[in-house]
Amino acid sequence: MTQASSRISGFHKLAISERIEKTLEFAGISEPSVAEHFQNTGNLPADLADRLIENAVGTMNIPLGIATNLRIDGRDYLIPMATEESSVVAAVCNAARQCYDAGGFTTSMSSTCMIAQIQLVDIPDPENCRIAILERLDEIRDICNACDPVLVEHGGGFRDLEVRVLRAGGRAMVITHLIVDTRDAMGANAVNTMAETLAPHIAKWTGGRVYLRILSNLADRRLARARCVWRSEDIGGTEVRDGIIAAYEFAATDPYRAATHNKGIMNGVTAVVMATGNDTRAVEAGAHAYAARNGHYGSLTHWEVTASGDLAGSIEMPMAVGLIGGATKLHPTARACLEIMGVENAAHLARLIAAVGLAQNFSALKALATVGVQKGHMSLHSQNIALMAGAVGDEIGIVAERLVELGTVRVDIAEQELKKLRSGQ
Ligand code: MEV
C-alpha cells in the first residue's frame, strides 16, 4: 500500500467535515461511525472549536468532576476538576473532609503581576547599558501603559522595571524585565505586546540588537499560597502525621521524589486550570521552574508539626490564571465552572487552585505513608479495566469488584471474569 501524503495545502480553509474526511482518508479509516464520532463535539460547539485552534476536526472530551467538602477562607466551595485520572477528584474530597471541621484552608496571593523579558545582545558595555535602560523608567512606563489603556483603566498596567546582565556563550546579554499587573487577564497577550512595542526603543537607546520579546512563565510575582492544619486525630493519629512529614522530607531533598510529589500536586492544580479554560502548560512550567528556583528541584509544599502536635501543610507556587480572554471566556463549560466556584477575580481563582493543590498533596502523601496508592487507585481504575475488557451496564461494577477482590487489575483477567459472568459461572 502506498503511503498517503501529509502535504495537504489549504487544509485550514476546509470545513470541519471536509477536514475529517481528508484525515480519515489519509489514515485509511472508512468506518462511518468514526466520522460521526468526530462530528459530535459535545458541549463545545464545532464552530467555536474551529475558531479556538487551527485545523480543528473535533473536540477531546475528558471527565469533569466536582470536588466537595472544601472550606476555603471561611467559605464553602464546590470545585470543578477536569481530569482523566481516576482518584484525583476523590483525593481532594477526602483531604478536604479531614480538615473541614478544623476550619479548612487559608489562602493568599502575592500580586497579579506578570513578567515580560526583552533580550538585548551586541552590547560591549552591558553594565553601563543596564543603568541606561533603568534611567528610562518613566518613558518605559508610558510606552507600556499606552499599549493597553483598558488594562490601566481596570487598575492594572506597568508596575516596575528590572534589568539583568547575563553571560552565556561567551557574550553578555542585557535582559529587561517589564513587571506588569495584568489583573483578571492571564496576561500573556498584554505583556507580549508591551515587550514587542518597547523592544525597538531599547535597541535605539542602547545601540544593541534585540532578539526575544516574550513573557516569562516563571511567574514568581504571581504566587498563590494556601495553608491548612489537619488535626492529628482527624487523620488517623501521629504516626500518619509523621509519615506525611517523612514523605515531604524525602521530596525536599531528592529531585527524583520531588518530581512525583509535585506531579501529584499538579494532578489537582491542572484539573482546575483545565476546567476553567486556562493555560495548563503555563501553570505547569511556572510550577516546576519555581520548584527549582534555588538551584535544586524541590517540593512545592511544606509539611510540619504545630505546637499542638497537629499537621500543618502549606503551598506556594506561581499561578498565572485569568478570567478573561481565550477559552476562559469563550468555552461554555469553563464559564459555568467559574460560576459554580463563584470566582470574583483571577487572584481568587488562583487561591482556590492553590488550596486544591495542597489537598491533593495531602491525600497522596497520606496514602503513600500508610496503605499505598494502589488500593484506592486500583478500585477506581478497575472500572476502566472492566470497560476495556468489554463490560457493559451492571457488568462493569461486578467485574471491577471481582478484580479488586483478586488483587489483579488487568485486562486479561477482566476478560476472563467477564466471560465467566456471561456464562453464568
Ligand atoms: C499519581 O498520579 C500521583 C502520585 O504519584 C503523587 C505522589 O507520589 O505524591 C500518587
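N267 reaches the ligand through its side chain: an N or O atom there is 2.9 Å from an oxygen atom of the ligand. Taken alone, the ligand exposes 300 Å², and the protein buries 82% of that. This is a predicted model. The space that the ligand takes is the second largest pocket.

- The side chain of R257 has an N or O atom 2.7 Å from an oxygen atom of the ligand.
- For K263, a side-chain N or O atom is likewise 2.7 Å from a ligand oxygen atom.

**The shell around the ligand**
- Residues around the ligand include R257, K263 and N267, along with T260, H261 and G264.
- E85, A364, L368 and V373 complete the list of residues around the ligand.
- By class, three residues of this shell are nonpolar, four are polar and three are charged.

**Helices that build the shell**
- Two helices, α10 (255–275) and α14 (346–369), each supply at least two residues of the shell.
- Which helix gives the most to the shell around the ligand? α10 does, with six residues.

**Domains of the chain**
- The domain assignment starts with domain 1 at 1–61.
- Domain 2 is assigned in two segments, 64–103 and 228–370.
- Domain 3 covers 113–216, and domain 4 covers 376–422.
- The centres of domain 3 and domain 4, taken over C-alpha atoms, are separated by 57 Å.

Terms used. Residues are numbered from 1 along each chain as its sequence is written. This is a predicted model: local features need pLDDT of at least 70, side-chain atom pairs count only at pLDDT 80 or more; totals for chains, interfaces and linings use all residues. Side-chain values use heavy atoms; hydrogens and water are left out. A residue is near a molecule or strand if one of its heavy atoms lies within 4 Å of it. A polar contact is a pair of N or O atoms within 3.5 Å; within protein, one must be able to donate a hydrogen and the other to accept it, and residues adjacent in sequence count only if both atoms are side-chain atoms. Accessible areas come from the Shrake-Rupley method with a 1.4 Å probe; for residues, only the protein chains shown count as cover. On a 1 Å grid over the protein atoms alone, a cavity is a set of points where a 1.4 Å probe fits but cannot get out, and a pocket is an open set with protein on both sides within 12 Å along at least five of seven lines; lining residues have an atom within 4 Å of a point. A molecule sits in a cavity or pocket if more than half of its atoms lie within 2 Å of its grid points. Helices (H or I, at least four residues) and strands (E, at least two) are DSSP runs, numbered from the N terminus. Ala, Val, Leu, Ile, Met, Phe, Trp, Tyr, Cys and Pro count as nonpolar, Asp, Glu, Lys and Arg as charged, and the others, Gly among them, as polar. Domain bounds come from an automatic or database domain assignment.
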